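Here is a short briefing on aromatic rings and their partners. Keep the structure open as you read.

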Amino acid sequence: SVSGCVCPHDLVLDGKGGCIAPEDCPCIHNGNSYSPGESIRVGCNNCTCRNRKWQCSEEPCLETCSVYGDGHYTTFDGKRFDFEGDCEYVLVQNYCGQQAMNQGTFRVITENIPCGTTGTTCSKSIKVFLGVSIFSNDGHSDVIQRTPGGKMPFQIRSMGIYMVVDTTVGLILMWDKKTSIFIKLSPSFEGHVCGLCGNYDGNGNNDFTTRSQSVVGNVLEFANSWKVSSSCPNANRTQDPCTANPYRKAWAQKQCSIITSEVFAKCHSQVEPNEYYQACVDDACACDTGGDCECFCTAVAAY
């Protein structure tokens, strides 16, 4: 700017060569600017731009644990890991530690079964225990055992490609009946759950807590501790699917590059795409016995 060219008293530069009142300044979020009075959604809250600052509602948000494709997990606290084991595993339960036996109210179990010749696994059936009621689904049919004389503590509805189980305890489960599971949990369970989805205490660093309540650094030690049956074999590290199926690698990279492309450019500042891209390539290489769409589309849908 040229020396001596300043805004009149009480006004400020707007960055475009003009002068405005301070209260008319925009708010910035993820590199975009918003005018006073404009609102955006952040998580489950509305934020409005007032006087250069965001004012946000403070609703408690349900956090989500997601499992998709060939064993890709994101815990309630946002820790990501990959695990392949073909057994039944506890995803989340509130039977943890000392109060394990008597005070829990729910448990969600998933069964992983191999899909593809490389030993990769996909989540193919799901069971929800709520007290004594049980809901289970193997991708083909729902099985519901009712509580004698009691009201059902959940209802089942469809939402697009997802089957949604709404419970009365603060747990919502969404499943595409194939390989994607999303579990939403109310904040009242913070720090009171355990399983492959972690402990939901706001800190991702201690999510690898085993069934015996010790925090470990090794994903296999952590995940194997949550298998339901002790007769199931422990999972050990499987080979990289693209090394096993090199002829699929170029195809996988080409298809999956849609995640890092212009198509999703607006999303990249909100959700980092590279881990999703890598997971997509792994899955697209792994599903070599058909199921291309299931593996590739699921990976893109997760992003």
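A charge sits over a ring if NZ of Lys or CZ of Arg is within 6 Å of the ring centre and within 35 degrees of the ring normal. Arg-80 lies over the face of Tyr-276, 4.3 Å from the ring centre. Note that this is a predicted model.

**Charges over rings**
- Tyr-276 has Arg-80 over its face.
- Lys-79 places its charged end over the ring of Phe-208, at 4.7 Å from the centre.

**Aromatic pairs: Tyr-34 and Trp-54**
- The structure holds twelve aromatic pairs.
- In one of them, the rings of Tyr-34 and Trp-54 have centres 5.4 Å apart.
- Their planes meet at 65°, so this pair is edge-to-face, as the angle is over 60 degrees.
- Tyr-34 belongs to strand 4 (residues 32–34) and Trp-54 to strand 7 (residues 53–56), so the pair ties together parts 20 residues apart in sequence.
- Tyr-34 counts as buried because its relative accessibility is 17%, under the 20% cut-off.
- Trp-54 has a relative accessible area of 24%, so Trp-54 is partly exposed.

**Aromatic pairs: Phe-264 and Tyr-303**
- Phe-264 and Tyr-303 form an edge-to-face pair, with 5.5 Å centre to centre and 85° between the planes.
- Phe-264 lies in the loop between helix 3 (249–256) and helix 4 (265–268), while Tyr-303 lies in the segment after helix 6 (292–302), so this pair ties together parts 39 residues apart in sequence.
- Both Phe-264 and Tyr-303 are buried.

**A cluster**
- Tyr-68, Phe-264, Tyr-276 and Tyr-303 form one aromatic cluster.
- Tyr-276, a member of this cluster, is the ring with Arg-80 over its face.

Definitions and conventions:
Residues are numbered from 1 along each chain as its sequence is written. This is a predicted model: local features need pLDDT of at least 70, side-chain atom pairs count only at pLDDT 80 or more; totals for chains, interfaces and linings use all residues. Side-chain values use heavy atoms; hydrogens and water are left out. Rings of Phe, Tyr and Trp (its six-membered ring) pair if their centres lie within 6.5 Å; planes under 30 degrees apart count as stacked, over 60 as edge-to-face and the rest as tilted. Helices (H or I, at least four residues) and strands (E, at least two) are DSSP runs, numbered from the N terminus. Buried means under 20% relative accessible area, exposed over 50%, partly exposed in between (1.4 Å probe, protein chains only).
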